[in-house]
Amino acid sequence: MPQTQIQAAREGTVTPEMERIAERENREPEFVREQVAAGQAVIPANKHHDALDAMIIGREFATKVNANIGNSETTSDLETELEKLHTAVHYGADTVMDLGTGSDLDEIREAHIEHSPVPLGTVPLYEAVKQAGSPEDITTDLLLEIVEKQAKQGVDYMTIHAGILVEHLPLTDGRKTGIVSRGGSIMAKWMEEHGEQNPFYQVFDELCDIFAEHDVTFSLGDSLRPGCLADACDEAQYAELDTLGELTRIGWDHGVQVMVEGPGHVPMHKVAENVQRQQEVCDGAPFYVLGPLVTDIAPGYDHITSAIGAAMAAQAGAAMLCYVTPKEHLGLPEEEDVRDGLAAYRIAAHAADVGTERPGARDWDDALSEARYEFDWREQFDLALDPDRARSFHDQTLPGDNYKEARFCSMCGAEFCSMRIDQDAREDGEMQVIDGEARTDLEASPAAEVNRPPVGTHESGALPPMADHEGGDPLEEPADE
Ligand code: SF4
């Protein structure tokens with residue numbers, strides 16, 4: 001009896017999850033199976049995660065976006081954490097990582113899994129540090145115990161910092177910003193204190209057995225990712241990547257699904273090189289990148305600096321983008337930061353899907369453009385990536401119902417509206433009139449399921465309601481005007 005998606009795929013079985021993904025991605029189930037069997041795509045779907053709506057991460061499929069949530073020592077309660085999950089899914093996260101380090105971690109994690117329709121990822125090392133009290137007091141038994149507990153709870157994928165080895169540490173000496181990965185700095189501290197090899201690396205086979213039993217997907221952490229442009233693509237980063245390639249193959253040998261994490265901070269001219277190198281070293285395992293930020297000069301705008309790199313990475317073959325909010329490097333993000341970060345990353349992902357000519361990706365653009373040209377303002381708002389923002393920006397200057405059919409907006413004004421002038425010219429017979437019937441059939445296209453607005457691809461019924469706030473629950477349909 002196959003235990004994991006990759007084992008089933010290798011045996012030629014199309015699982016219900018693969019059927020569902022084929023439907024969502026407008027691909028043949030057999031193609032999904034082949035990609036999973038070859039390790040070129042992963043389906044993070046823990047057997048115990050009943051609320052999950054299966055999705056896939058792989059370069060042949062729509063680019064996915066992850067949002068990080070989780071509590072800290074200073075802010076921590078169940079209701080707030082569920083609200084964060086709700087916000088992330090509402091604004092379009094395809095997966096969510098719970099990076100909590102505060103209190104009630106088990107209760108919050110179990111509630112997240114119970115309610116989340118998207119895969120949930122964790123970093124077990126954080127809980128290990130919390131339980132041990134300090135990095136140097138972590139034991140391998142504790143690491144295995146926490147990983148097994150989280151696997152039983154239903155975590156779909158886990159970041160495991162197994163690639164940073166004791167022999168890599170001297171390679172970081174000349175760096176401008178040292179080791180910036182939280183997990184990487186913890187493992188480095190442990191290895192320096194104990195003078196031993198990375199404990200995750202030492203027990204990797206045992207980790208694989210736990211992952212296989214519950215079908216948890218590896219997200220192999222890039223502990224030595226660069227923290228600034230000056231450190232990008234250095235010896236330390238690429239030495240760790242070689243180890244991640246080795247671990248990828250060990251995971252596959254155990255029948256476990258694997259994706260690989262990547263940087264970080266990378267100048268534009270080296271983004272594609274990073275993706276190509278990972279794909280070669282890791283035999284095409286899906287690449288899951290954080291940004292990368294393409295410049296270090298803009299704290300407060302790092303959702304933009306990183307979304308530029310993310311779009312380039314996705315165009316080059318990265319499969320999932322971990323979002324960055326405007327608060328990156330500065331503080332814990334609030335709801336509005338999550339919204340801005342997810343919008344930036346969904347734009348990056350969609351732009352890359354259009355740029356790689358993903359089947360059906362551009363239908364969404366075409367449908368919105370047609371609504372825009374026809375001055376169908378309501379349709380334009382509904383199709384927008386963030387309908388609430390599009391509507392509110394328009395209504396700031398022209399709030400009246402009568403302006404919802406107006407042949408202009410306040411940007412150019414009625415007299416100078418180029419689209420109105422163009423249409424009048426066409427109607428006057430001065431230009432050839434285009435076929436007004438040739439509207440894009442968005443409902444019938446894959447975009448109806450993948451990245452289709454309103455944001456998110458999931459029913460909200462499985463999610464807990466948000467606490468009352470001004471403007472009501474954004475999952476509610478907007479009231480008719
Ligand atoms: S006024 Fe300008 S911005 Fe507004 S609809 Fe017309 S052309 Fe577009």
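## Surface, cores and aromatic pairs

The protein chain has an accessible surface of about 20,200 Å², and carbon and sulfur atoms hold 49% of that area. Accessible areas come from the Shrake-Rupley method with a 1.4 Å probe, and for residues only the protein chains shown count as cover. The model is predicted: local features need pLDDT of at least 70, side-chain atom pairs count only at pLDDT 80 or more, and totals for chains, interfaces and linings use all residues. Residues are numbered from 1 along each chain as its sequence is written, and side-chain values use heavy atoms, with hydrogens and water left out.

The protein chain contains 18 helices and 10 strands, taken as DSSP runs numbered from the N terminus (helices: H or I, at least four residues; strands: E, at least two). Of its 481 residues, 56% are buried; buried means under 20% relative accessible area, exposed over 50%, and partly exposed in between (1.4 Å probe, protein chains only). Among contacts (heavy atoms within 4.5 Å) with a separation of 6 or more, 73% join residues 24 or more positions apart.

A nonpolar core is a set of buried Ala, Val, Leu, Ile, Met, Phe, Trp, Tyr and Cys residues joined through side-chain atoms within 4.5 Å. The largest such core has 108 residues, and Ile160, Leu207, Phe218 and Tyr345 touch the most other members. Helix H14 (residues 335-355) gives the most to this core, with seven residues. A second, separate core has seven residues, including Ala343, Trp364, Ala367 and Leu368.

Leaving aside residues up to four places away in sequence, Phe218 touches Met158, Ile160, Phe204, Leu207, Cys208, Phe211, Val256, Gln257, Val258 and Met259. Phe204, Phe211 and Phe218 form one aromatic cluster.

Rings of Phe, Tyr and Trp (its six-membered ring) pair if their centres lie within 6.5 Å; planes under 30 degrees apart count as stacked, over 60 as edge-to-face and the rest as tilted.

| Pair | Centre to centre | Between the planes | Class |
|---|---|---|---|
| Phe211 and Phe218 | 4.0 Å | 20° | stacked |
| Tyr403 and Phe408 | 6.3 Å | 80° | edge-to-face |

Phe211 and Phe218 are both buried. Tyr403 is partly exposed because its relative accessibility is 27%, and Phe408 is partly exposed at 22%.

The ligand is surrounded by Phe375, Cys409, Met411, Cys412, Gly413, Cys417, Ser418 and Met419, each with a heavy atom within 4 Å of it. This shell divides into six nonpolar, two polar and no charged residues. Here Ala, Val, Leu, Ile, Met, Phe, Trp, Tyr, Cys and Pro count as nonpolar, Asp, Glu, Lys and Arg as charged, and the others, Gly among them, as polar.
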